[in-house]
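Subject: Structure handover

Hello,

Here is the structure for you to look through.

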Amino acid sequence: MKTEKDSWRSWFTKLVLNNRLIVNLMIVLLFLLIIFVFSKVTWFFQPISDFVDIVGFPVVLAGVLFYLFNPLVDRLERKYHVNRVWTITGLFVIVVLLIVLAVVSLIPVIRNQATDFLKNWPDYWNHLVNQMDKWLNDPRFGQFQKELEELSKSAVSSFSSWFSNAANLTFTSVGGVISSVTKIVVGLITMPFILFYLLKDGHRLPKYLAHFLPIRKRTGFIQILDEVNGKVSGYIRGQLIVAFCVAIMFFIGYLVIGLKFALTLGIAAGVLNLIPYLGSFLAMIPSLVLAAFISPWMLVKVLIVFAIEQTIEGRILSPLILGTNLAIHPVTILIVLLASGRMFGVLGVIFGIPVYAVSKVLLTHLFHWYKQQNGGYEKSD
């Protein structure tokens with residue numbers, strides 16, 4: 001004979017535990033509750049945050065260089081049976097020689113060009129503003145004059161406000177600047193050691209981590225790590241190679257048309273190109289301002305260089321080097337860039353796409369596991 005307690009258990013099992021919707025909602029609520037509890041004990045995670053703040057820069061930099069050098073180390077070990085330590089040592093020697101060559105030959109030139117450019121930047125910008133005023137006062141633009149004036153004032157005001165805030169934040173926070181410089185120096189010193197051991201033993205990491213899982217889960221876990229590694233390595237290597245090619249193209253293009261500061265502007269274009277879709281356009285702003293200061297014809301030539309670079313990059317370099325490994329729609333990329341940039345600043349813009357690609361891989365495998373566990377996703381006849 002069923003007791004009242006047994007009846008209640010039977011009712012609870014039928015209406016709650018056997019109802020997938022209710023179970024899923026309970027899981028979501030528990031997940032949100034965990035997040036809420038963690039948000040109330042942030043002090044508990046402060047040591048972890050401080051640790052990540054200290055080691056984050058050298059680890060990220062070492063990880064980027066690891067994905068750049070590791071394919072060569074693996075290839076020499078597999079195909080030619082070269083010891084990994086010897087290969088890594090050789091790479092380090094080559095990199096040190098390139099850095100010394102850059103410091104001796106390139107850095108002084110870049111420093112002089114950058115100093116000269118920043119010194120004359122107010123003249124370049126004022127000339128551009130004066131030209132805009134002339135165009136705004138042209139009778140042919142009379143019907144659009146009011147709108148153009150408001151747009152111009154708004155743009156100048158926003159830029160001035162941003163620059164002022166950035167300058168105040170940079171020069172008034174002396175302690176913050178010293179702290180940041182110290183972190184960078186410490187990171188650059190420790191990064192080679194981290195990179196060495198990543199290149200030496202990094203290929204063993206997936207199997208090592210898999211030992212902590214049940215035997216039947218290890219194969220799938222290693223497969224997920226391999227897929228994530230492929231996405232990240234392909235993206236990082238591709239972006240670095242494309243950025244280098246973009247810097248060379250802009251440098252050669254500016255040399256051909258005779259634009260001043262060709263080396264500095266070309267390197268700036270390559271670095272900014274690490275920001276997908278937006279980097280090249282941002283790099284064009286100083287070039288266009290400088291060209292407008294020189295002459296209208298120089299402005300036209302800079303636009304021609306930009307058009308040629310964009311055509312080569314979009315039609316040849318990016319498809320050939322990056323390919324379609326990430327399988328991310330361009331609209332999704334723009335949304336990720338805007339969201340990650342808003343939340344995490346410059347680092348979010350740079351690393352937003354690979355983080356999204358990794359999250360996509362993990363969520364895809366999680367969804368496949370969910371379908372296997374719950375069923376109901378089979379094709380109907």
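Phenylalanine 117 and tryptophan 121 sit four residues apart in helix H4, so about one helical turn separates them. Keep in mind that this is a predicted model. The two ring centres are 5.6 Å apart. The ring planes meet at 45 degrees, so this pair is tilted. Phenylalanine 117 is buried because its relative accessibility is 12%, under the 20% cut-off. Both residues belong to one aromatic cluster, together with Tyr124, Phe261 and Phe293.

The whole structure has nine aromatic pairs. Another of these joins phenylalanine 92 and phenylalanine 196, with ring centres 6.3 Å apart. Their planes stand at 80 degrees, so the pair is edge-to-face. Phenylalanine 92 is in helix H4 (residues 84-136) and phenylalanine 196 is in helix H6 (residues 174-201). The pair therefore ties together parts that lie 104 residues apart in sequence. Phenylalanine 92 is partly exposed, at 23% relative accessibility. Phenylalanine 196 is partly exposed too, at 22%.

Next, helix H10. Methionine 284 lies in this helix, which spans residues 279-294. Is methionine 284 buried or exposed? Methionine 284 is buried, with a relative accessible area of 4%. Leaving out residues up to four places away in sequence, methionine 284 touches Phe250, Tyr254, Val302 and Phe306. Take valine 302: it is 18 residues from methionine 284 in sequence, and the C-alpha to C-alpha distance is 8.6 Å.

Serine 287 is also in helix H10. Serine 287 is buried, with a relative accessible area of 1%. With the residues up to four places away in sequence left out, serine 287 touches Tyr254, Leu265 and Val302.

On to charges. Side chains of opposite charge can pair when their charged atoms come close. The structure holds four salt bridges. One links glutamate 77 and arginine 84, with the closest N and O atoms 2.8 Å apart. Glutamate 77 is partly exposed, at 29% relative accessible area, whereas arginine 84 is buried, at 6%. Asp74, Glu77 and Arg84 are linked in a salt-bridge network.

Aspartate 201 has a salt bridge to lysine 200, with the closest N and O atoms 3.4 Å apart. Aspartate 201 also has one to arginine 204, at 3.5 Å. Aspartate 201 is partly exposed, at 26% relative accessibility. Lysine 200 is partly exposed, also at 26%. Arginine 204 is exposed, with a relative accessible area of 53%.

Now the surface. A nonpolar patch covers about 1,300 Å², and its residues include Leu30, Phe38, Trp43 and Val52. Which elements give two or more residues to the patch? They are helix H2 (20-40) and helix H3 (46-80). H2 supplies the largest share, six residues. Valine 52 is in helix H3. At 49% relative accessibility, valine 52 counts as partly exposed.

Last, confidence. The average pLDDT of the chain is 78. A score of at least 70 is reached by 77% of the residues. Residues 169-174 stay under 50. For that stretch, the model has three contacts beyond four places in sequence.

Best wishes

Terms used
Residues are numbered from 1 along each chain as its sequence is written. Side-chain values use heavy atoms; hydrogens and water are left out. Patches are made of residues with over 30% relative accessible area and no salt bridge: like charges are joined within 9 Å, nonpolar side chains (Val, Leu, Ile, Met, Phe, Trp, Tyr) within 5 Å. Accessible areas come from the Shrake-Rupley method with a 1.4 Å probe; for residues, only the protein chains shown count as cover. A salt bridge is a side-chain nitrogen of Lys or Arg within 4 Å of a carboxyl oxygen of Asp or Glu. Buried means under 20% relative accessible area, exposed over 50%, partly exposed in between (1.4 Å probe, protein chains only). Contact means heavy atoms within 4.5 Å. Rings of Phe, Tyr and Trp (its six-membered ring) pair if their centres lie within 6.5 Å; planes under 30 degrees apart count as stacked, over 60 as edge-to-face and the rest as tilted. pLDDT is the predictor's confidence in each residue, from 0 to 100.
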